[in-house]
Amino acid sequence: MNYEEKFLALGNEIPSEEPSVPEGCNFVLYRQVSNVLMLSGYGPFIGPTVPPEFTGKLGKELTTQQGYQAARLTAINLLLIVRQSIQTLNNVVHIIEVNGMVNCTPDFADQPTVINGCSDLLVSIFGDNGKHIRSAVGMNALAFNIAVEISISLLIRT
Amino acid sequence: MNYEEKFLALGNEIPSEEPSVPEGCNFVLYRQVSNVLMLSGYGPFIGPTVPPEFTGKLGKELTTQQGYQAARLTAINLLLIVRQSIQTLNNVVHIIEVNGMVNCTPDFADQPTVINGCSDLLVSIFGDNGKHIRSAVGMNALAFNIAVEISISLLIRT
Amino acid sequence: MNYEEKFLALGNEIPSEEPSVPEGCNFVLYRQVSNVLMLSGYGPFIGPTVPPEFTGKLGKELTTQQGYQAARLTAINLLLIVRQSIQTLNNVVHIIEVNGMVNCTPDFADQPTVINGCSDLLVSIFGDNGKHIRSAVGMNALAFNIAVEISISLLIRT
């Protein structure tokens, strides 16, 4: 059950730049309350930039497969944030919740397949402990026109 | 204070098929952390299908009254999920939160009346213990074009 | 670290009418679970009314600066709700989460600057203890056509 090894095996799928809060902003990427770690909503960034294939709306500029990959990259970023907080993914007990928000047109109705990109990545690392409650809904607009914004919470060892 | 009896008195309003996760999906319908039970977002399903009168957008295909009924059916499904987890509603202490998301047109502004369909059902079962904090907001699109998606959390006896 | 004094120094920025639940509605403005206080989503109300400059959509009727001010007023209302629950803001340990929802057009992409109106107000009162995890996303419609709806949770002394 070496979550950390499984994560690092993602190799160059892992962005080389860490997730961060834009300068001058008064929020943080994670907060811990008791043994629950909660994360800010995050997107498919590579460092401070968003790849063009993850910019835009599902049902318009982007395919469902691109949305899936955007959600996968977002999940990897979220795990980088978890590591910023608790150093090693081996201290994760289980994922609690995934709140998946998809930037899409009013007639796009496959938010679940898009957010599967996050869910599948989490389960590939944590096995059954990666399973989580989930919402997967459509937004008419997201910051910087990112394809998805996802927040998660986790139970951790303290 | 027999919540279970009050729920069962809903009779054939209760779908005969249990809520479930679509095959191959890596999420779960509920997660418990300490004495808090949290549920995935769910919709006005009857088993795996959505009645046509609960499919579409408020402000376009559906009336506010249909939206209210969709939220009521969703609440019943959510309580079926609670029973999957803790067997009997008599082990509910109180509802904590209702997160109500309404599939609607940009000019629809009566999300609260729609989500009242869920809130009213909860209070009809649990009395004052059914009261909850709430968000009731508009989404431009939901999975399978369902009218509402709602998630809840509850305090339970353990 | 007198949060209460800093709040009251906002003077006539503080609405003279308290936030309230519309008559006949089955929800509440706050719920406490252990030492976590959670609030319902709330908007830029002054008592029961919404100023015209905070009614409408970002990207259409409203400027980003008006959205920022709407989020600031909403934050003040949320702190009034906190005081309804725990009497004095001096019993706040730290803010946990801000869930910021912006009523906007599909091409509006500056939700973060709008929700900064809430985040900045919280940090002006609570300093580093006002920092929080955050989502800032776009909604196609909100109740009463309010510019923003925001919910927060806080850690409190009990």
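Strand S2 (residues 36–39) of chain A lies alongside strand S6 (residues 148–156) of chain A, the two pairing in the antiparallel sense over three bridges. (Strands here are DSSP runs of E with at least two residues, helices are runs of H or I with at least four, and both are numbered from the N terminus; two strands pair if DSSP finds at least two bridges between them.) Within this pairing, Val36(A) sits opposite Leu155(A) in S6(A). The model is a predicted one, in which local features need pLDDT of at least 70 and side-chain atom pairs count only at pLDDT 80 or more, while totals for chains, interfaces and linings use all residues. Residues are numbered from 1 along each chain as its sequence is written, chains are lettered from A and ligands numbered from 1 in the order in which they are written, and side-chain values use heavy atoms, with hydrogens and water left out.

Now for the contacts between chains B and C. On this side, 23 residues of chain C touch 29 residues of chain B (contact means heavy atoms within 4.5 Å). Together the two chains bury about 1,900 Å², with 57% of it on carbon and sulfur atoms; buried area is the accessible area (1.4 Å probe) that two parts lose on being put together, summed over both. Asn26(C), Arg31(C) and Asn140(C) account for 36% of what chain C buries against chain B, more than any other three residues. No salt bridges turn up across this interface, a salt bridge being a side-chain nitrogen of Lys or Arg within 4 Å of a carboxyl oxygen of Asp or Glu. What the rule does find is 13 residue pairs in polar contact, both residues at pLDDT 80 or more. (A polar contact is a pair of N or O atoms within 3.5 Å; within protein, one must be able to donate a hydrogen and the other to accept it, and residues adjacent in sequence count only if both atoms are side-chain atoms.) Strands S1 (30–33), S2 (36–39), S5 (141–142) and S6 (148–156) of chain C each give two or more residues to this side, and S1(C) makes the largest contribution, with three.

Chain C meets chain A as well, through 29 residues of its own and 23 of chain A. This interface buries about 1,900 Å², 57% of it on carbon and sulfur atoms. Lys131(C), Ile133(C) and Arg134(C) supply 26% of the area that chain C buries here, more than any other three residues. Again there are zero salt bridges, and 13 residue pairs are in polar contact (both at pLDDT 80 or more). Strand S3 (92–103), helix H3 (111–126) and strand S4 (133–139) of chain C each give two or more residues to the side touching chain A, with the largest share, seven residues, coming from S4(C). S4(C) also pairs with strand S5 (residues 141–142) of chain A, antiparallel and over two bridges, and Ala141(A) stands opposite Gly138(C).

How do the copies relate? Chain C can be laid on chain A by a turn of 120° and a shift of 0.0 Å along the axis, with an RMSD of 0.0 Å (superposition is by least squares on the C-alpha atoms of residues with pLDDT of at least 70 in both copies). The two copies are therefore related as by a three-fold rotation axis. Only 7% of the interface residues of chain C are also interface residues in chain A, so these copies meet through different surfaces.
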